Every structure is written in C-alpha cells, then in structure tokens.
Amino acid sequence: MFVSAPVPVNGNGDYTSPPVAVTATGSYSWKAEYSGDQNNLGVQNPCQDADETSVIVQVTPTVVAQAAPPGPVNVGQPISGTATLSGASSPTGSITFKAFGPNDSTCAGAPIFSRHVQVTGIGNYSSGFFTPSAL
C-alpha cells in the first residue's frame, strides 16, 4: 500500500500524486481523499471507480544473438555466440545458447551445442567456445 503525503489544494482542479515505484505486477487501484476545509466537507471517491486502476505488466526484454566470428571458420577452429539482453527490468535467470548445424538454418534439428549462462543484469553475455568437427 502506498499513501502519499498530502498534496496542497488551491482551488478546483486536477492534482497529481508523487511518483510511485512499484515492484510487482498486478492491478493498483487509486483512491483520493479530500480533507475538507472551513467551507467544504471532506470527501473521498469509492475504490475502483472508472479509470482509477493502473495495470502493471511484465517487461518484454529483447535478446539479440550474434555469431563470433561472423564469417567462415575452418573446421577445428572455435566459434562462440554472444547475446545482448536489453529492455529488461532488473533481470536474473539465464540465457540458453544453442548452436544448430551443420546446415540447419531453421534450427529444426537437435542442437549440437547448448550452454546456460546466468543473467546478472542487462548487457552482453557469451556462450563460451565450441569447436565444430567434421562429421
């Protein structure tokens, strides 16, 4: 529950609460209470009136993967992948890197390499090296 310090009132009009930083998804209902004064009675709006709910949803981050090196590599030379995680809100969890091939550009077959890397925030992550061999 968030309760702001009173916002000074100076006549009829719109008044805004201080910013609120929420830490969980869900619906947040707003309620306003006017204290009243020598000419006006105090009043409050009922909870869940129209347009009084803020809905907080999960952030949809972006992950972009790149091959390293990006061009041709000889058999027996190591390759790796990098992933850039952005647009997330205090991310944790993991990124799973999977390499498919040879010649599986649709990633329909089983991966020939897989590795989980722990996420500790937004930024760049590496799969580590994998050395393809001739089949």
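**Entry 1: the largest pocket**

I looked up the largest pocket and noted a volume of about 1,500 Å³. Of its 38 lining residues, I recorded Ser4, Trp30, Lys31, Ala32 and Glu33 as the closest to the centre. I work here with a predicted model, in which local features need pLDDT of at least 70 and side-chain atom pairs count only at pLDDT 80 or more, while totals for chains, interfaces and linings use all residues. Residues are numbered from 1 along each chain as its sequence is written, and side-chain values use heavy atoms, with hydrogens and water left out.

For the terms, I took a pocket as an open set of points on a 1 Å grid over the protein atoms alone, where a 1.4 Å probe fits, with protein on both sides within 12 Å along at least five of seven lines; lining residues have an atom within 4 Å of a point. A volume is the space filled by probe spheres set on the points, which are joined across faces, edges and corners.

**Entry 2: its lining**

I found that S4 gives the largest share of this lining of the largest pocket, three residues. Strands are DSSP runs (E, at least two residues), numbered from the N terminus. By class, I noted 17 nonpolar, 15 polar and six charged residues in the lining of the largest pocket (nonpolar: Ala, Val, Leu, Ile, Met, Phe, Trp, Tyr, Cys and Pro; charged: Asp, Glu, Lys and Arg; polar: the others, Gly among them).

**Entry 3: the second largest pocket**

I then recorded about 890 Å³ for the second largest pocket. Ile79, Ala99, Phe100, Ile112 and Phe130 are the closest to its centre among 38 lining residues. Strands S5 (62-68), S6 (80-86) and S7 (94-99) each give two or more residues to this lining, and S5 gives the most, with six. I noted 23 nonpolar, 13 polar and two charged residues in the lining of the second largest pocket.

Methods: Helices (H or I, at least four residues) and strands (E, at least two) are DSSP runs, numbered from the N terminus.
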